[in-house]
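Look at the model below with its sequence beside it.

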Amino acid sequence: SLKHTRIVLGGPEVKNHLVRFMENGADFIISGEGEETTCELVEALQTKQTDFSAIKGLTWKNTSGAVTTNPVRELLKNIDALPFPDRKKVDLQHYFDAWKNRHGYSMISVSTMRGCPYTCKWCSRAVYGLSYRRRSPQLVVDEIEWIQANYKVDMLWFVDDVFTVNHKWLREFCAELKKRNVTVKYEIITRADRMNEEVIQLLSASGCFRVWIGAESGSQKIIDAMDR
């Protein structure tokens, strides 16, 4: 039933099993960040191209059926250039209702950064590499204002790996919220070594009500082995 549908896979897992995915039904695999690669692939398919060798970050089958992997694509330097997620393409009310029914409140996800400067052994860097790139505080608050204007949702969940990694950015973000009189309730993920009294005060004053920290292990030997 999918013989006229092109199957494109991406994400952190595909890098480890490119050929296996291609042998089991995938038409294309996008490695690393997918925005530019996907755009170029769609344009090539729309013009009925059969040679995709010029598209960086793509794995495909040539006319003889051989799996071909193109050179890697460079990471986006300026992630502010990306548009907001097109949330209107999905009926988010189903998710809001599920959260509300299970937890008593609704929640929506927001991403402010890509990558992580740390090197924990268990963490995948297949998509964002060993990098740290942050959206401007102004653009993040723009997105929050857009969400509040378009949805009735109780809380925000910042999905960033280490939300408080950059204290200067955090100060600017909190100042931007205050300047625009934006009130928001949110939770974050971070590391204990990127928390201090000032950070806690900033988070609390700007609406953060919960901080998730991965303790990982009670054994220092295991933590050291994980470069944690």
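Helices (H or I, at least four residues) and strands (E, at least two) are DSSP runs, numbered from the N terminus. This is a predicted model, where local features need pLDDT of at least 70, side-chain atom pairs count only at pLDDT 80 or more, and totals for chains, interfaces and linings use all residues. Residues are numbered from 1 along each chain as its sequence is written, and side-chain values use heavy atoms, with hydrogens and water left out.

Q: How many helices and strands are in the chain?
A: Count the runs of each kind, as defined above. The chain has seven helices and ten strands.

Q: Are the planes of Phe 163 and Phe 173 stacked or edge-to-face?
A: Rings of Phe, Tyr and Trp (its six-membered ring) pair if their centres lie within 6.5 Å; planes under 30 degrees apart count as stacked, over 60 as edge-to-face and the rest as tilted. The structure holds 13 aromatic pairs. In this one, the centres of Phe 163 and Phe 173 are 6.0 Å apart and the planes make 80°. The pair is edge-to-face.

Q: Where do Phe 163 and Phe 173 lie?
A: The two residues are ten apart, and their pair links distant parts of the chain. Phe 163 is in the loop between β8 (155–158) and α5 (167–180), and Phe 173 is in helix α5.

Q: Are Trp 169 and Phe 173 buried or exposed?
A: Buried means under 20% relative accessible area, exposed over 50%, partly exposed in between (1.4 Å probe, protein chains only). Trp 169 and Phe 173 are both buried.

Q: Which ring does Arg 134 lie over?
A: A charge sits over a ring if NZ of Lys or CZ of Arg is within 6 Å of the ring centre and within 35 degrees of the ring normal. Arg 134, in strand β7 (residues 132–134), is 5.4 Å from the ring centre. The ring is that of Phe 163.

Q: Which backbone oxygen does the side chain of Arg 134 reach?
A: The distance is 2.9 Å. The oxygen belongs to Phe 163.

Notes: A polar contact is a pair of N or O atoms within 3.5 Å; within protein, one must be able to donate a hydrogen and the other to accept it, and residues adjacent in sequence count only if both atoms are side-chain atoms.
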